[in-house]
Amino acid sequence: MKLNERSVAHYATCDSPADHTGFLRKRVERHHHHAHHHGTSYQRRWFVLKGNLLFYFEERESREPVGLVVLEGCTVELCEAAEEFAFAIRFDDAGARAYVLVADGQAAMEAWVKALSRASFDYMRLVVRELEKQLEEACKSLAACRKSPQRSSSSGRKRHLSNPALQPLQEKPTTLENGYSTWSSGGCVTGGATCTDHDGGQTKPPPLPPRRRSAASSATGSPAPGLSPAMLESPVPPETICFSKLHNWYGQEIAVLRREWQERQKRGHP
């Protein structure tokens with residue numbers, strides 16, 4: 001790839017914001033042909049990262065870069081070197097030069113590795129694709145949310161009307177008879193044999209109290225004085241669900257016993 005040297009130099013020193021800057025030490029390989037060995041040294045350079053271009057200068061105040069690394073088709077990784085906090089920029093092409101750089105500390109090394117790894121267009125292309133995917137999913141979700149309230153409200157209304165348990169209860173005024181509440185306030189019909197609940201089923205009337213033998217009756221089973229045979233039998237059929245009638249009927253026996261007690265008190269019999 002050919003680059004216009006003047007344009008690149010202008011871009012390196014212009015006022016456009018840099019993505020990352022700082023001092024790094026760049027490893028330099030020195031070959032000694034006569035001795036058949038090479039030495040390693042490090043040069044301290046001022047590095048400026050702009051987009052996918054990594055410039056380095058001799059000094060921070062230098063007006064022209066002494067080198068340029070195009071960060072495409074490469075990887076940034078930590079490397080084991082004699083120097084601490086070293087990392088390398090390695091290219092995919094076989095035989096391509098690798099740049100070994102050394103930071104001043106752990107935090108600076110991590111910051112440089114992070115910035116250089118995100119500098120290439122390949123990385124930006126992946127980011128754009130991911131953002132486009134998220135945008136598409138967000139648009140679909142928004143469209144579904146705009147349609148869902150009408151569906152949910154209508155379906156909820158249908159379920160509410162179809163489910164008797166969700167229908168509002170219709171309160172009926174309590175029916176009073178002789179000062180006592182009757183069972184008709186719970187949806188029953190006075191004098192009827194059954195009671196209909198809100199689910200449409202049939203519920204049984206409340207059980208009647210067991211019949212008791214009168215305390216004043218004789219051992220032969222004859223009725224006590226003051227109690228007629230008709231009073232011993234309930235005038236209310238068992239299936240009749242009227243509390244006031246049951247109350248009045250069972251109260252007759254109490255009234256008769258009370259009158260007998262009062263008469264014995266008057267005659268002087270305890």
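In the predicted model, helix α1 has Val8, Ala9, Ala12 and Thr13 as its buried residues. Viewed down the helix axis, these buried residues fall within an arc of 120 degrees, so they line one face of α1. An α-helix has 3.6 residues a turn, so residues three or four places apart point the same way. On the face of α1 turned away from the buried side, Arg6 and His10 are exposed.

Helix α1 spans residues 5–13, and the loop between this helix and strand β1 (20–32) contains proline 17. The relative accessible area of proline 17 is 72%, which is over the 50% cut-off; proline 17 is therefore classed as exposed. Valine 48 lies 31 residues from proline 17 in sequence, and the C-alpha atoms of the two residues are 10.0 Å apart in space.

Methionine 124 belongs to helix α3, which comprises residues 121–162. With a relative accessible area of 40%, methionine 124 falls between the 20% and 50% cut-offs and is therefore partly exposed.

For the protein chain as a whole, the secondary structure consists of 5 helices and 11 strands. The chain has 270 residues, of which 22% are buried. Its accessible surface amounts to about 19,700 Å², and carbon and sulfur atoms account for 54% of this area. When contacts between residues at least 6 apart in sequence are considered, 44% of them join residues at least 24 apart.

The average pLDDT of the protein chain is 74, and 60% of the residues score at least 70. Residues 180–199 have a pLDDT below 50; in the model, this stretch makes 46 contacts beyond near neighbours in sequence. Where pLDDT is low, the predicted coordinates should not be read in detail.

Key: Residues numbered from 1 in each chain as written. Predicted model: local features only at pLDDT ≥ 70, side-chain atom pairs only at ≥ 80, totals over all residues. Heavy atoms only, no water. pLDDT = per-residue confidence, 0-100. Contact = heavy atoms within 4.5 Å. Helix = DSSP H or I, 4+ residues; strand = E, 2+ residues; numbered from the N terminus. Buried < 20%, exposed > 50% of the residue type's maximum accessible area, 1.4 Å probe, protein only. Arc of directions from axis to C-beta. Areas by Shrake-Rupley, 256 points an atom, 1.4 Å probe, with all protein chains shown as cover.
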